[in-house]
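Student: Could we go through this model together, a question at a time? I'd like to see how its parts hold on to each other.

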Amino acid sequence: MDVRRVKQILSSSAEIEVTYNGADVWIDSLNEDGRTATVHLRGPLEERTIVEIDELEEK
């Protein structure tokens, strides 16, 4: 995924399905470096992790 698409998803009111290593995630924010994002798994766990945006995939 590229920076432009991450920004579009963050500003969208629609629920856009995104995966990281096959797991459904929410994108919380794009980090200042422009290469990573903070995400968390969809579901009851709120554990956040920083991932490379090029490893995120839109379903």
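Student: Which residues are in contact with Asp28, leaving aside its neighbours within four places in sequence?

Tutor: Quick housekeeping: this is a predicted model, with pLDDT of at least 70 needed for local features and 80 or more for side-chain atom pairs, while totals for chains, interfaces and linings use all residues. Residues are numbered from 1 along each chain as its sequence is written, and side-chain values use heavy atoms, with hydrogens and water left out. Contact here means heavy atoms within 4.5 Å. On that basis, the partners of Asp28 are Leu10, Thr38, Val39, His40 and Arg48.

Student: What is the distance of the polar contact between the side chains of Asp28 and His40?

Tutor: Asp28 sits in strand β2; strands are DSSP runs of E with at least two residues, helices are runs of H or I with at least four, and both are numbered from the N terminus. A polar contact is a pair of N or O atoms within 3.5 Å; within protein, one must be able to donate a hydrogen and the other to accept it, and residues adjacent in sequence count only if both atoms are side-chain atoms. Asp28 has such a contact with the side chain of Arg48 at 3.2 Å. For the side chain of His40, the value is 2.9 Å.

Student: Is Asp28 buried, exposed or partly exposed?

Tutor: The cut-offs on relative accessible area are under 20% for buried and over 50% for exposed, with partly exposed in between (1.4 Å probe, protein chains only). Asp28 comes out at 28%, so the label is partly exposed.

Student: What is the strand order in the sheet?

Tutor: Two strands pair if DSSP finds at least two bridges between them. β3 and β4 are antiparallel over 5 bridges, and β1 is joined to β5 by 3 bridges, also running antiparallel. Put together, the open sheet has 5 strands with antiparallel pairing, in the order β4-β3-β2-β1-β5.

Student: Which are the edge strands, then?

Tutor: Look for strands that pair on one side only. In the open sheet of 5 strands, those are β4 and β5.

Student: What angle does the direction of α1 make with that of β2?

Tutor: The helix packs on the sheet and touches β1, β2 and β5. Axes are lines fitted to C-alpha atoms, for helices over the stretch in contact, and angles run from 0 to 180 degrees between N-to-C directions. For α1 and β2 that angle is about 90 degrees.

Student: How many salt bridges are there in the whole structure?

Tutor: Side chains of opposite charge can pair when their charged atoms come close. The criterion is a side-chain nitrogen of Lys or Arg within 4 Å of a carboxyl oxygen of Asp or Glu. One of the pairs is Glu15 with Arg42, at 3.0 Å from N to O. A search of the whole structure gives 6.

Student: How many residues apart in sequence are the parts that Glu58 and Arg5 tie together?

Tutor: The side chains of these two meet in a salt bridge, 2.8 Å from N to O. Glu58 belongs to strand β5 (residues 56-58) and Arg5 to helix α1 (residues 3-11), so the parts they tie together are separated in sequence by 53 residues.

Student: Which residues are linked with Glu17 in a network of salt bridges?

Tutor: Start from the salt bridge between Glu17 and Lys59, whose closest N and O atoms are 3.8 Å apart. Glu17 lies in the loop between α1 and β1 and Lys59 in the segment after β5, so this pair ties together parts 42 residues apart in sequence. Lys59 is exposed at 61%, whereas Glu17 is partly exposed at 39%. The residues networked with Glu17 are Asp24 and Lys59.

Student: What phi does Asn21 have?

Tutor: Most residues other than glycine have a negative phi, and most peptide bonds are trans. Asn21 is found in the loop between β1 and β2, and it is exposed, with a relative accessible area of 65%. Although Asn21 is not a glycine, its phi is positive, at about 50 degrees.

Student: And which residue takes a positive phi in the hairpin of β3 and β4?

Tutor: That hairpin has 6 residues between the strands. The one with a positive phi, near 125 degrees, is Gly43.
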